[in-house]
Structures are given as structure tokens and as C-alpha cells.
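Biologist: I have not looked at this structure before. Could we go through it step by step?

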Amino acid sequence: MSGDLTAPKPRKVLALLLIHADRVVPIDLLTTELWDDEPPASALTTLQTYILQIRRMLARTCGMDPAAVARELLVTHADGYQLHLDGASLDLHEYQRLADQGRLAQLCGDRVHASRLLGAALDVWRGSALVDVRLGPVLRVEAQRLEEARLATWKQRIDADLELGRHREILGELGCLAARHPLHEDLQAQFMIALYRAGRRTDALDAFRRLREVLIGELGLEPSRRIQRVQHAILTADPVLDTASALDTAWTWESGSAGAELVAAGRGPH
């Protein structure tokens with residue numbers, strides 16, 4: 001849609017309008033993205049010019065009269081602007097729809113369906129969020145939020161695959177993710193569990209060692225008790241590693257006389 005809108009600042013405005021589609025985007029938010037805390041005296045007039053450029057682009061793209069675009073598609077309000085999609089779907093919306101359905105399937109215990117839906121959601125995603133937009137302070141926060149949501153979806157799909165016994169199939173993908181996010185303890189724990197289940201116990205312990213070195217070197221912190229319990233379970237070859245789901249935020253390992261026992265809100269291993 002934005003192919004012929006090449007100037008950085010109009011693209012920023014369009015990106016914010018698309019992210020908040022069907023909602024009014026306040027003028028203050030737009031000016032903060034464009035000029036941070038130092039808007040020029042001509043900020044409002046310049047913003048209106050950018051809106052005009054976007055309306056002309058939309059008119060060309062949609063084959064509409066510019067006046068109709070201003071009336072029906074990109075509408076002016078007293079305190080901002082609103083982009084109406086009129087039933088059209090963005091990649092972001094398709095991703096969110098599939099991810100929500102996948103999470104629901106996972107909550108219902110349908111791990112096959114959950115893995116498929118969460119994988120389909122991730123397939124919709126192409127590259128980093130807002131990769132073709134020069135990010136200001138507002139869009140930078142939005143991009144980070146989107147990337148964190150994507151990573152959470154990735155972790156949930158891996159959880160479903162681990163529960164389905166697909167540890168060998170996802171080892172390569174999981175290793176790349178763990179390398180890209182060396183401080184993400186949940187991903188590291190998933191990687192350790194997948195390695196252990198694949199018969200690579202030494203590699204699983206090496207993954208823990210690398211995590212500990214990074215945490216101490218960069219943050220001065222020891223790994224959390226949670227992932228230390230995963231390490232303990234690997235050291236003691238605790239059978240729970242082969243039967244329980246991958247670490248989820250609702251689960252913890254608690255040390256006991258017979259080793260590590262997986263508990264969760266009154267539920268045992270399954």
C-alpha cells in the first residue's frame with residue numbers, strides 16, 4: 001500500500017494509522033513520533049500535509065476520489081485522524097487471529113491444532129516489525145511490543161511441539177532462537193529440554209553454562225531458580241523431563257527428596 005509513499009515522515013504517519021486502524025490516533029501521538037519532544041511551530045500544518053499525501057496515495061491505490069477518501073477512509077477528527085479499513089484485513093490482523101486461535105487450542109489441550117495454528121501465525125510474519133519504516137519514539141515502542149508478542153507466540157508453538165514429542169524436528173530452529181536471545185531463560189530452558197530428550201545431555205548442560213556466563217557477564221545475575229531446577233533435573237536424569245510439558249510460566253519445578261517434581265495449580269505431570 002505504501003509503495004509510492006517514499007518520504008520517511010509520511011510513512012511514519014501511515015504506519016501509526018495502520019497499527020491503530022479503526023481507532024482515532026491523537027495528533028499529540030503523531031507529532032511525538034515525528035519530532036519527539038521538539039515539534040516545530042509548523043508541526044500541525046506539516047502533519048496536515050502528510051495526511052494529504054497519504055490520502056492521495058490511498059485514492060490512487062483504491063481507485064477512489066480524494067474527497068471520498070477524506071470522508072470515508074482517512075477521516076479527520078477534532079483530536080486526531082482515523083483510518084477505516086472497512087473490513088479489509090492487514091497481515092497483523094491475520095497473525096493475531098491465528099495466534100489467538102492457537103492459544104485457545106492450547107488451553108483446550110489440542111496441541112496438534114495449537115501447533116498448526118501458531119505456526120501459521122508465524123508464517124504470516126515476514127521479517128522484523130516495521131522494518132521498512134524509520135522508527136521514532138512511538139513506533140519504536142510499538143515495534144518492540146510486536147516483536148515480544150511474536151516471540152511469545154514462537155515459544156508457545158515450541159511448547160506445543162515439545163508436548164507432541166517433536167524435539168528432534170525443532171532442535172535446529174530452537175537452537176537459532178536460543179542463540180539470538182541468549183538472555184531469554186524460557187527459550188534456553190526449552191532448548192535444554194529438547195537437547196536432553198534428543199540424547200544430547202552434555203549439550204544441554206553446555207547450554208546452561210553459556211546462559212550462566214552471559215547472565216553473570218552482562219547483568220551480574222545468577223540464572224533463576226527455575227532454570228537451575230531444569231539443570232538439576234538434567235544432571236539427575238529426572239524422568240519428568242521426558243513426560244512433562246516444556247516450561248510454561250504457570251509451571252515450576254520444586255526440589256524434593258526423590259528429585260524434581262513438576263507441579264502446576266494442583267496438576268501433576270502428564
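The questions below go from the whole chain to single residues.

Modeller: Keep in mind that this is a predicted model.

Biologist: How many helices and strands does the chain have?

Modeller: The chain runs to 270 residues, and 44% of them count as buried. Its secondary structure consists of twelve helices and five strands.

Biologist: What share of the contacts with a separation of 6 or more comes from residues 24 or more positions apart?

Modeller: Contacts in the chain with a separation of 6 or more are the ones counted here. Within that set, residues 24 or more positions apart account for 57%.

Biologist: How much of the accessible surface belongs to carbon and sulfur atoms?

Modeller: The accessible surface of the chain totals about 13900 Å². The share that belongs to carbon and sulfur atoms is 52%.

Biologist: Which residue of β3 is the bridge partner of T76?

Modeller: β2 and β3 form a hairpin, with three residues between them. For T76, the bridge partner in β3 is Y81.

Biologist: Are the residues on the two faces of β3 buried or exposed?

Modeller: Strand β3 covers residues 80-83, with G80 and Q82 on one side and Y81 and L83 on the other. Both faces are covered, and these four residues are all buried.

Biologist: How far is L135 from P8 in space, C-alpha to C-alpha?

Modeller: L135 is found in the loop between α6 (111-124) and α7 (137-163). At 27% relative accessibility it counts as partly exposed. L135 and P8 are 127 residues apart in sequence, yet their C-alpha atoms are separated by 9.1 Å.

Biologist: Which residues does L135 touch, leaving out those up to four places away in sequence?

Modeller: Residues up to four places away in sequence are not counted for L135. The residues that L135 touches are then K12, E33, L130, R140 and A143.

Definitions and conventions. Residues are numbered from 1 along each chain as its sequence is written. This is a predicted model: local features need pLDDT of at least 70, side-chain atom pairs count only at pLDDT 80 or more; totals for chains, interfaces and linings use all residues. Side-chain values use heavy atoms; hydrogens and water are left out. Buried means under 20% relative accessible area, exposed over 50%, partly exposed in between (1.4 Å probe, protein chains only). Two strands pair if DSSP finds at least two bridges between them. Contact means heavy atoms within 4.5 Å. Accessible areas come from the Shrake-Rupley method with a 1.4 Å probe; for residues, only the protein chains shown count as cover.
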